[in-house]
Amino acid sequence: LVFADAPIDKFARGQKNAMTEDEKRGALIFFGSGNCVSCHAVSGQSNEMFSDFRHHVAGIPQIAPSVGNVTFDGPGANEDFGLEQVTGDPNDRYAFRTSPLRNLALQPAFFHNGCFTRLEDAVRYHLNAIGSAPTYNPVVAGVAADLRGPQGPITPVLARLDPALATPVTLSTDEFNQLIAFLRTGLLDAKANPHDLRQLIPARVPGGSPVHVFQ
């Protein structure tokens with residue numbers, strides 16, 4: 001999150017060629033017709049982090065580990081009540097904090113529970129949660145086998161869907177690909193890639209403890 005010199009930042013500083021045409025058009029959708037910025041905010045307390053840092057019910061599929069030491073919520077112990085776990089208020093059920101989007105191209109999975117492993121799938125679902133939820137399949141979404149425990153019900157989640165997400169956003173194939181280009185590369189600081197980050201790991205530490213090896 002501290003790497004914030006993406007093409008959009010350079011463009012904002014006056015480097016007009018810092019973004020590709022697809023990234024620019026994707027940004028217009030993000031800030032315009034897609035209304036993504038209503039939650040993935042950049043102004044005020046957001047501090048350009050692409051999150052309003054508030055909690056919303058986004059209609060996210062409920063997945064759970066097949067084996068674990070955490071008891072999930074609900075009568076089937078297969079639900080995640082989200083913010084309600086913290087506040088104890090049933091009105092906060094299924095609400096999760098808006099994720100910042102910087103460098104999201106480097107994420108291995110998406111949404112709070114990792115129910116999607118491909119950016120395109122996550123965005124497509126997000127644009128129309130009500131229409132996409134009935135056909136969600138964790139296997140197709142690339143979810144690891146140990147996270148394919150009994151799926152929680154989606155109907156009560158959709159019943160609380162945030163009004164900002166209740167109306168599907170319809171994009172053409174080109175528009176969708178442009179939005180993906182903006183998210184994947186327009187918000188990516190090249191210095192955040194694993195190759196550069198691995199170079200920050202010291203060869204040894206003063207206490208003599210073994211140093212972790214990162215793949």
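These exercises walk through the fold of one protein and one of its helix pairs.

The model is predicted: local features need pLDDT of at least 70, side-chain atom pairs count only at pLDDT 80 or more, and totals for chains, interfaces and linings use all residues. Residues are numbered from 1 along each chain as its sequence is written, and side-chain values use heavy atoms, with hydrogens and water left out.

**Exercise 1.** Describe how helix 2 packs against helix 7.

Solution. Two packed helices are described by the angle between their axes and the distance between the axes. Helix 2 covers residues 21-31 and helix 7 covers residues 173-186. Their angle is about 100°, and their axes lie 7 Å apart. Helix 2 is therefore roughly perpendicular to helix 7 (65 to 115 degrees). Next, find the contact (heavy atoms within 4.5 Å). Helix 2 contributes residues including Ile29, Phe30 and Phe31. Helix 7 contributes, among them, Leu179, Phe182 and Leu183. Finally, sort the contact residues: eight are nonpolar, four polar and four charged. Here Ala, Val, Leu, Ile, Met, Phe, Trp, Tyr, Cys and Pro count as nonpolar, Asp, Glu, Lys and Arg as charged, and the others, Gly among them, as polar.

**Exercise 2.** What share of the 215 residues is buried?

Solution. Buried means under 20% relative accessible area (1.4 Å probe, protein chains only). Buried residues make up 39% of the protein.

Note on methods
Axes fitted to C-alpha atoms, helices over the stretch in contact; angles between N-to-C directions. Helix = DSSP H or I, 4+ residues; strand = E, 2+ residues; numbered from the N terminus. Parallel < 35°, antiparallel > 145°, perpendicular 65-115°, else oblique. Buried < 20%, exposed > 50% of the residue type's maximum accessible area, 1.4 Å probe, protein only.
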